[in-house]
Amino acid sequence: NFGMRQVITLNLSIDENCDIISKESTPQSVTYNILDQSTSTDAPFDFQYEGDVTGKVSQYDAAILTICGCEKYSITDIVLNVKAGKSSSKAQYSIEFNDKKYSNIISKYSTTAYTPLALLDAPIPLGTDSITITFYSQSGAWYLESLTLTY
């Protein structure tokens with residue numbers, strides 16, 4: 001029973017035996033570890049990291065993570081695990097894709113992970129070729145540990 005002008009996605013398909021199959025997919029995650037510059041197995045993305053091999057981002061310095069091969073996926077979450085050398089450290093991070101850039105200033109050190117997608121109103125859409133995340137230290141030293149993408 002569908003209401004007038006109501007659009008509902010059923011996420012179903014029919015196989016060669018005419019059986020109805022749900023196309024619902026469970027979210028999957030992939031993690032890129034900065035320190036050993038490795039990606040969890042069977043990652044569908046290509047990660048490129050520009051920065052100190054230990055993940056350290058000194059004052060007035062930046063680290064850049066680029067994720068390529070995203071065009072077939074809707075990115076629903078990104079978690080950036082970062083630690084500050086001291087509680088007075090300040091930083092800024094940005095996320096850029098499809099010629100749009102969103103930035104956030106970290107005015108207070110927090111022990112929680114940072115989520116660049118919280119800056120957006122919706123997941124990163126299908127067809128997005130690459131995503132660039134830049135982390136810049138305004139004061140103190142920071143340590144990038146990992147980046148987790150959920151798609």
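## Nonpolar surface patch

In this predicted model, Leu 12, Ile 14 and Ile 20 make a nonpolar surface patch of about 330 Å². Patches are made of residues with over 30% relative accessible area and no salt bridge, joining like charges within 9 Å and nonpolar side chains (Val, Leu, Ile, Met, Phe, Trp, Tyr) within 5 Å. A salt bridge is a side-chain nitrogen of Lys or Arg within 4 Å of a carboxyl oxygen of Asp or Glu. Accessible areas come from the Shrake-Rupley method with a 1.4 Å probe, and for residues only the protein chains shown count as cover.

Ile 14 lies in strand S1, residues 12–14; strands (E, at least two residues) are DSSP runs numbered from the N terminus. With a relative accessible area of 60%, Ile 14 is exposed (buried is under 20%, exposed over 50%, partly exposed in between).

## Cysteines

The count of disulfides is zero, a disulfide being a pair of cysteine sulfur atoms within 2.5 Å. The cysteine sulfur closest to that of Cys 68 is in Cys 70, at 6.9 Å, too far for a bond. Cys 68 is partly exposed at 21% relative accessible area, and Cys 18 is exposed at 62%.

## Positive phi values

Most residues other than glycine have a negative phi. Gln 37, in the loop between strands S3 (29–33) and S4 (38–39), has a positive phi near 45° and is partly exposed at 36% relative accessibility.

Asn 98 also has a positive phi, near 45°. This residue is found in the loop between strands S9 (90–97) and S10 (100–106), and Asn 98 is partly exposed, at 39%.

## Basis of the values

Residues are numbered from 1 along each chain as its sequence is written, and side-chain values use heavy atoms, leaving out hydrogens and water. In this predicted model, local features need pLDDT of at least 70 and side-chain atom pairs count only at pLDDT 80 or more, while totals for chains, interfaces and linings use all residues.

Terms used
Helices (H or I, at least four residues) and strands (E, at least two) are DSSP runs, numbered from the N terminus. Buried means under 20% relative accessible area, exposed over 50%, partly exposed in between (1.4 Å probe, protein chains only).
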